[in-house]
Amino acid sequence: MSDRLLEVRNLTMQFGGVTALSEVNLHVSKGEIAALIGPNGAGKTTVFNVTTGYYTPSSGEVLLNNESIIGLKPHKIARKGLARTFQNVRLFGDMTTLENVMTGADSRNKVGLIGSMFGTAQSRRDEESSHLKAAELLNFMGISHRGGQLARNLPYGDQRRLEIARALALEPKVLLLDEPAAGFNPQEKVELGELIKKLRDAGFAVLLIEHDMSLVMKISDRVSVLDFGQKIAEGTPSEVQNNQRVIDAYLGVADHAS
Amino acid sequence: MDFSIVVSEFASLFLDGIVVGAIYALVALGYTLVYGVLRLINFAHSEIFMLGTFACLGVTMLLGYTGYEEPIGIGLFLVTFILITVVAAVASGSAAMLLEVVAYRRLRRKGANRLSSLISAIGASFFLVELFRLLTDSKDWDFPRLLDKNSLFEVSSAYVTADKLVVLIGAFGLMFALDRIIQGTRLGRGIRAVSQDEKTAVLMGVDVDKVIAFTFLIGGVLAGVASAFYMLFYEATKFNVGFLLGISAFTAAVLGGIGNIRGALAGSFALGLIQQFSSAILGYNWRDVVTFLILVLVLLFKPTGLFGEAIQRARV
């Protein structure tokens with residue numbers, strides 16, 4: 001057994017005749033922050049969508065905790081320990097902040113959907129444990145004062161924090177963060193970096209898509225670079241920064257012959 | 001037109017409007033809940049109600065009521081009526097779940113557009129109506145009078161009778177229970193999460209197929225209970241009983257804002273009152289004209305209803 005909590009092997013994804021991902025290999029281990037970078041349209045979000053089960057890949061393997069998850073329904077994959085946030089915040093806007101997090105926490109409970117209707121002792125215990133866990137996570141993210149507000153009324157930064165809290169409520173092993181720093185000011189980016197490092201130290205495997213290079217280079221243990229659906233480089237932040245193919249891809253050099 | 005009746009009979013019309021509205025509300029909730037999770041008008045929902053009325057009738061037949069008995073005592077009535085209600089709720093609830101599997105689930109899995117599902121809904125509705133036309137000989141079926149309907153007490157011009165009290169207490173109790181489920185349980189959060197953003201709900205571990213199935217179950221159970229109240233109040237049914245009642249409940253849901261639960265309740269009571277008062281003024285024959293007029297006017301001028309989202313989104 002490897003300690004790779006998430007591993008993507010030879011992943012190819014075609015939409016009609018368009019190849020969005022070609023033979024991509026990635027992995028994230030326990031207690032590691034891996035970053036996935038690349039120009040717009042390189043296929044980064046497609047990696048997330050395949051990994052979470054939203055798309056079935058044309059070929060290749062996705063292993064979560066050394067177990068193939070290809071063909072599993074997305075909600076099963078989520079319950080097996082994969083949680084994500086979104087590039088454009090996607091909260092349940094008409095639910096309160098607390099309820100958003102409880103929705104994530106619910107899938108860890110014993111009582112099923114139908115059982116929850118009947119107010120049995122177990123269902124009340126579950127309801128309480130979802131409530132407690134959600135309150136703790138809001139506290140951890142520093143937004144417990146927002147608990148009773150509707151998610152859509154939260155300021156933008158708190159909405160992003162809420163998304164992370166909701167993802168953590170699933171008790172995931174692997175956390176996929178899709179541009180978590182988008183729209184943050186420099187101070188907020190520093191705080192976010194600290195938070196992500198804290199999550200890593202708590203034992204999560206973090207896979208990060210991010211455009212803010214200073215943040216990526218500061219916190220990542222390993223960086224993978226996608227361009228036109230192919231992985232063109234991988235290594236420590238400093239290795240990747242000095243890689244000629246990466247520099248070409250970002251500067252938009254037409255000739256890839258190097 | 002006689003407007004003086006509105007004044008002289010105000011309390012009576014008001015009471016009946018609330019009673020009728022309570023029955024509409026239980027049916028309207030089924031439309032609005034299913035619309036919430038699927039963005040689909042379940043046009044076969046009225047037939048789920050119709051099926052419930054015949055389940056009620058079936059129970060009284062099995063118990064040996066012929067319709068010529070003296071009304072039974074309150075204790076025996078309650079036991080009998082609870083049995084009738086439970087059977088109707090089970091029949092309608094399971095029929096609604098079956099309907100989802102047969103008429104909608106495969107289309108949804110294949111990613112068919114909502115128009116296909118809408119056509120499937122109308123097809124399922126026709127199927128059930130015609131099936132029950134055959135099974136029931138196209139006849140009017142009378143429901144035995146179980147309860148003494150003499151007035152218990154009067155409030156102004158309103159005669160408060162036991163059946164109206166049963167409907168009101170039962171319906172309000174059920175609405176309260178539903179509110180508790182939607183606001184304070186895992187299933188309720190699942191239903192709301194799927195209604196607001198299905199794809200995200202899935203990624204938060206919500207089993208959408210189950211949430212949808214149980215939404216149909218809840219809608220069906222409410223329609224089943226509504227059918228028992230309807231039979232107690234109107235004491236007759238027919239294979240096409242669902243059509244006008246369904247249109248009224250649907251209008252109420254649209255009036256309140258489709259997809260909005262509290263809106264469905266408000267719309268139902270509003271429509272019940274409007275129907276009673278307009279019938280008193282214009283004559284009973286105008287009741288359905290008024291209903292359809294409201295439906296058209298809401299769709300034209302206030303498609304979001306009082307609280308909800310535009311019904312037009314359902315057409316995508």
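**Two chains in a predicted model**

Biologist: Which is B:Ala193, buried or exposed?
Modeller: B:Ala193 counts as buried, because there are 27 C-beta neighbours inside 10 Å, and the cut-off for a buried residue is 20 or more. Please keep in mind that this is a predicted model.

Biologist: In which helix is B:Ala193 found?
Modeller: B:Ala193 is part of helix H7 of chain B, residues 186-196.

Biologist: What is B:Ala193 in contact with, leaving aside neighbours within four places in sequence?
Modeller: The contacts of B:Ala193 beyond those neighbours come from both chains: A:Phe92 and A:Thr103 in chain A, and B:Ala201, B:Met204 and B:Val206 in chain B.

Biologist: How many residues of chain A are in contact with chain B?
Modeller: Chain A contributes 27 residues, which are in contact with 22 residues of chain B. On the side of chain A that touches chain B, the elements giving two or more residues are helix H2 (74-81), helix H3 (97-106) and helix H4 (121-140) of chain A.

Biologist: Which of them gives the most to that side of chain A?
Modeller: H3(A) gives the most, with five residues.

Biologist: How do the residues on that side divide into nonpolar, polar and charged?
Modeller: The side of chain A that touches chain B has 10 nonpolar, eight polar and nine charged residues.

Biologist: Turning to helix packing in chain B, at what angle do H3(B) and H4(B) pack?
Modeller: Helix H3 (residues 45-62) and helix H4 (residues 74-109) of chain B pack at about 145 degrees, and their axes are 8 Å apart. Their crossing is right-handed.

Biologist: Which residues in H3(B) and H4(B) meet?
Modeller: On the H3(B) side they include B:Phe49, B:Gly52, B:Cys56 and B:Val59, and on the H4(B) side B:Ile84, B:Ala88, B:Ser92 and B:Leu99 are among them. By class, this contact has 14 nonpolar and three polar residues, with no charged residues.

Biologist: And how far apart are the axes of H4(B) and H9(B)?
Modeller: The axes of H4(B) and helix H9 of chain B (residues 208-234) are 7 Å apart, at an angle of about 140 degrees. This crossing is also described as right-handed. The contact of H4(B) with H9(B) has 18 nonpolar, seven polar and one charged residues.

Biologist: Now for H12(B): which of its residues are buried?
Modeller: The buried residues of H12(B) are B:Thr291, B:Ile294 and B:Val298. They lie on the same side of H12(B), because they cover an arc of only 60 degrees around the axis.

Biologist: Why would residues a few places apart point the same way?
Modeller: An α-helix has 3.6 residues a turn, so residues three or four places apart point the same way.

Biologist: What do the buried residues of H12(B) pack against?
Modeller: They pack against helix H10 (241-256) and helix H11 (261-282) of chain B. The face of H12(B) turned away from its buried side carries the exposed residues B:Val289, B:Val296, B:Leu297, B:Leu300 and B:Phe301.

Biologist: Back to chain A: which residues are buried in H6(A)?
Modeller: In H6(A), residues 186-201, the buried residues are A:Leu192, A:Gly193, A:Ile196 and A:Arg200. They share one side of H6(A), because their arc around the axis is only 105 degrees. They pack against strand E3 (33-37), strand E8 (205-209) and helix H7 (213-219) of chain A.

Biologist: Which exposed residues does the face of H6(A) turned away from the buried side carry?
Modeller: That face carries A:Gln187, A:Glu194, A:Lys198 and A:Asp201. Just after H6(A), A:Gly203 takes a positive phi of about 105 degrees.

Biologist: What phi does A:Glu179 have?
Modeller: A:Glu179 is not a glycine, but has a positive phi of about 50 degrees. Most residues other than glycine have a negative phi. A:Glu179 is in the loop between strand E7 (174-178) and H6 of chain A, and counts as partly exposed because there are 19 C-beta neighbours inside 10 Å.

Biologist: And where does A:Glu23 lie?
Modeller: A:Glu23 lies in strand E2 of chain A, residues 18-29. A:Glu23 has a positive phi of about 50 degrees, although not a glycine. With 14 C-beta neighbours inside 10 Å, A:Glu23 counts as partly exposed.

Notes. Residues numbered from 1 in each chain as written. Chains lettered and ligands numbered in written order. Predicted model: local features only at pLDDT ≥ 70, side-chain atom pairs only at ≥ 80, totals over all residues. Contact = placed C-beta atoms within 7 Å. Helix = DSSP H or I, 4+ residues; strand = E, 2+ residues; numbered from the N terminus. Nonpolar A, V, L, I, M, F, W, Y, C, P; charged D, E, K, R; others polar. Buried ≥ 20, exposed ≤ 12 C-beta atoms within 10 Å, placed from the backbone. Arc of directions from axis to C-beta. Axes fitted to C-alpha atoms, helices over the stretch in contact; angles between N-to-C directions. Left-handed = near helix turned anticlockwise from the far one by under 90°. Expected span 1.5 Å × (residues − 1).
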